[in-house]
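Reader: I would like to go through this model with you. Could we begin once it is on display?

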Amino acid sequence: MKHILFTLRGCDADLLNDSYHIRTGLVAAAREAGSKIIDVSTHCFEPQGVTSIALLADSHLSIHTWPEKKIAVCDIFTCGDECEPEKAVEYLAEKLEAKSTSVQSYERV
């Protein structure tokens, strides 16, 4: 079981506030990691910001955005041996045009 907490910094603020972009990016990231998506929920905040969570067959992937700070705080937890969560991290960093990424990885038992 892997749990990766990651922060994307220097992202494009407009992309971080685009709920469609966030949702489709989350779905694509889960697929890149090799996870099966069960459900996705997305919420837009006022005046800005988006949270989206994908329920995966092997756990979850979430993203919370702060466009005014140009950051996204995310996590992916996987319990399957076939999933490669690092690929989701890479995909979201590219999709949101992150200038830097900080990552903490944990093996859960």
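Predicted model: local features only at pLDDT ≥ 70, side-chain atom pairs only at ≥ 80, totals over all residues.

Reader: How many residues does the largest nonpolar core have?

Author: That core has 27 residues, and Phe6, Leu8, Leu61 and Leu96 have the most contacts inside it. A nonpolar core here is a set of buried Ala, Val, Leu, Ile, Met, Phe, Trp, Tyr and Cys residues joined through side-chain atoms within 4.5 Å. Buried means under 20% relative accessible area, exposed over 50%, and partly exposed in between, with a 1.4 Å probe and protein chains only.

Reader: Which elements each supply at least two residues of this core?

Author: They are strand E1 (2-9), helices H1 (13-16) and H2 (19-33), strands E3 (50-56), E4 (59-66) and E5 (71-78), and helix H3 (85-95). The largest share, six residues, comes from H2. Helices (H or I, at least four residues) and strands (E, at least two) are DSSP runs numbered from the N terminus.

Reader: And what does Phe6 touch?

Author: Beyond residues up to four places away in sequence, Phe6 touches Ala72, Val73, Cys74, Asp75, Ile76, Val89, Leu92, Ser102 and Val103. Contact means heavy atoms within 4.5 Å.

Reader: Turning to the helices, at what angle do H2 and H3 cross?

Author: Their axes cross at roughly 150° and come within 7 Å. That makes H2 roughly antiparallel to H3, since angles over 145 degrees count as roughly antiparallel, under 35 as roughly parallel, 65 to 115 as roughly perpendicular and the rest as oblique. The axes are lines fitted to C-alpha atoms, for helices over the stretch in contact, and angles run from 0 to 180 degrees between N-to-C directions.

Reader: Which residues make the contact?

Author: H2 contributes His21, Thr24, Gly25, Leu26, Ala28, Ala29, Glu32 and Ala33, and H3 contributes Pro85, Lys87, Ala88, Tyr91, Leu92 and Lys95.

Reader: Now the backbone. Which peptide bond is cis?

Author: The bond from Glu46 to Pro47 is cis, with omega near 10°. Pro47 is found in the loop between strand E2 (37-44) and E3. Most residues other than glycine have a negative phi, and most peptide bonds are trans.

Reader: What is the phi of Ser59, and is that residue buried or exposed?

Author: Ser59 has a positive phi of about 140° although it is not a glycine. Ser59 belongs to strand E4 and is buried, with a relative accessible area of 17%.

Reader: And Glu97?

Author: Phi of Glu97 is also positive, near 55°. Glu97 lies in the loop between H3 and strand E6 (100-107) and counts as partly exposed at 43% relative accessibility.

Reader: Where is Thr65?

Author: Thr65 is in strand E4 and counts as buried at 5% relative accessibility. Leaving aside neighbours within four places in sequence, Thr65 is in contact with Leu16, Ile22, Gly49, Val50, Ile71 and Ala72. Thr65 and Asn17 are 48 residues apart in sequence and 7.3 Å apart in space, C-alpha to C-alpha.

Reader: Finally, where does Cys44 lie?

Author: Cys44 lies in strand E2 and is partly exposed, at 41% relative accessibility. Not counting residues up to four places away in sequence, Cys44 touches Ser19, Gly49 and Val50.

Technical notes. Residues numbered from 1 in each chain as written. Heavy atoms only, no water.
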